[in-house]
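Colleague: I'd like to learn how to read helix packing and chain contacts in a model. Could you walk me through it?

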Amino acid sequence: MTGSFLEKGFNFNDIDIIIIYNKKLNELHLSKKIESMFGIKTHILLIDNKSLLEGFSSDPIYQLMLSKCVSSKRLIIKSTNRFDFKKLDLHLLKSKNLSDNFELLSGKEKYDLIRNVVAISLFIKNQKVNKESVDREIKIELRLDTKEIIENKIEKKSFSKEYEKYYSKTLNKIMNEIKNGSK
Amino acid sequence: MEISLNTREQVELSKHYEKESTNFFEIAKRYREKLNPINNSLPQKDIDHIVQKIENKVRSELNLRISNGYQGIDLNLIHPMILNLLKSLRIIY
C-alpha cells in the first residue's frame with residue numbers, strides 16, 4: 001500500500017495498492033471489491049517482480065512511490081539507476097503546461113505536476129527520490145512550501161518564473177543526454 | 001504526446017500515457033465547459049486561432065526533439081490529431 005493514504009492526516013482521495021504477482025489477476029474486479037469493502041476509491045497496480053525492478057531502476061516516480069509503503073512481506077529492492085532519457089523526456093512532458101493551466105488546476109494537481117519535474121531532476125542527478133527529498137528541493141529551488149501548493153495558495157506570477165526556469169534546466173539536461181547518444 | 005508515442009515501442013509506457021492522455025483530456029473538458037456556446041461549435045475564426053496555437057506549440061516541441069536526434073516523428077499527424085481532439089471536445093461539430 002502506498003501513496004497519500006500513508007501520509008499524516010486525512011488528506012487522501014484514494015488508496016493506492018501495488019500487487020506483485022506471479023499469476024495474472026483481474027485488476028478491475030479487485031479494485032471494485034476493495035472499494036466496496038472500505039468505501040474508498042482504490043487504484044491497483046498489478047506488476048510482476050521483473051517489471052517492478054525495471055520500473056524502480058529507471059522511473060523516478062516508482063522510486064517516489066515505493067519510498068514510503070507498507071507491505072505484507074518485507075520488500076527489499078536493490079537496484080542501480082538506469083537512465084532511459086527518452087522515457088524521462090516523455091515523463092517530463094506531462095508537467096510542461098502547468099503554467100498555462102495554472103488557474104484551472106487544483107492544488108493537488110499542481111503539486112503532482114511539480115513533484116513530477118522535481119523527482120525527474122533529482123533522479124538524473126543520481127540523488128535519492130522520496131517525499132522528503134522532493135519537498136526539500138521544491139522549497140530550495142522553487143521557494144515554495146508543499147502545504148501551500150496543495151492548498152492552492154501559490155501566486156502564479158512568481159511561481160511561473162521559477163518553475164519555467166527549473167523545468168527548462170531539467171529538459172535541457174535530458175535533451176543533451178539524448179543528443180549525445182544516451183538512450 | 002500521442003505523436004511521440006507512435007514512434008515508441010514500449011507497450012507499458014504507452015499504457016501509462018493512455019492514462020495521462022485521459023487526465024489531460026479531462027482538464028481540456030473543464031476548459032471547454034467555460035466557453036460559450038457550450039452546445040455548439042465555436043465561431044470559425046476562434047477555431048482557426050485555437051488550431052493554429054496548438055499546432056505551433058506541438059510543432060515546436062516535436063521540432064526540438066527532432067533536432068536532438070529523435071527519429072520517426074511524423075509532423076503530418078499534428079493537424080488531423082488536433083481536429084479530432086477538438087471534435088471530441090465539441091469545439092468543432
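Modeller: We'll take a helix pair, then the chain contact, then the domains. This is a predicted model, so local features need pLDDT of at least 70 and side-chain atom pairs count only at pLDDT 80 or more, while totals for chains, interfaces and linings use all residues. Residues are numbered from 1 along each chain as its sequence is written, and chains are lettered from A and ligands numbered from 1 in the order in which they are written.

Colleague: At what angle do the axes of helix 3 and helix 4 of chain B cross?

Modeller: Two packed helices are described by the angle between their axes and the distance between the axes. Here helix 3 (residues 44–67) and helix 4 (residues 78–88) of chain B have axes that come within 10 Å and cross at roughly 130 degrees. Helices are DSSP runs (H or I, at least four residues), numbered from the N terminus. Axes are lines fitted to C-alpha atoms over the stretch in contact, with angles from 0 to 180 degrees between N-to-C directions.

Colleague: Which residues in helix 3 of chain B meet helix 4 of chain B?

Modeller: Contact means C-beta atoms, placed from the backbone, within 7 Å. I50(B), V51(B), I54(B), E55(B), V58(B) and R59(B) meet I78(B), H79(B), I82(B) and L86(B) of helix 4.

Colleague: How many residues does each chain bring to the contact?

Modeller: Chain B gives 10 residues and chain A gives 9 residues. On the chain B side, helix 2 (residues 11–32) supplies the largest share, 6 residues.

Colleague: Where are the domains of chain A?

Modeller: Domain 1 covers 4–67 and domain 2 covers 85–179, with bounds from an automatic or database domain assignment. Their centres, taken over C-alpha atoms, are 23 Å apart.

How values were computed:
Contact = placed C-beta atoms within 7 Å. Helix = DSSP H or I, 4+ residues; strand = E, 2+ residues; numbered from the N terminus.
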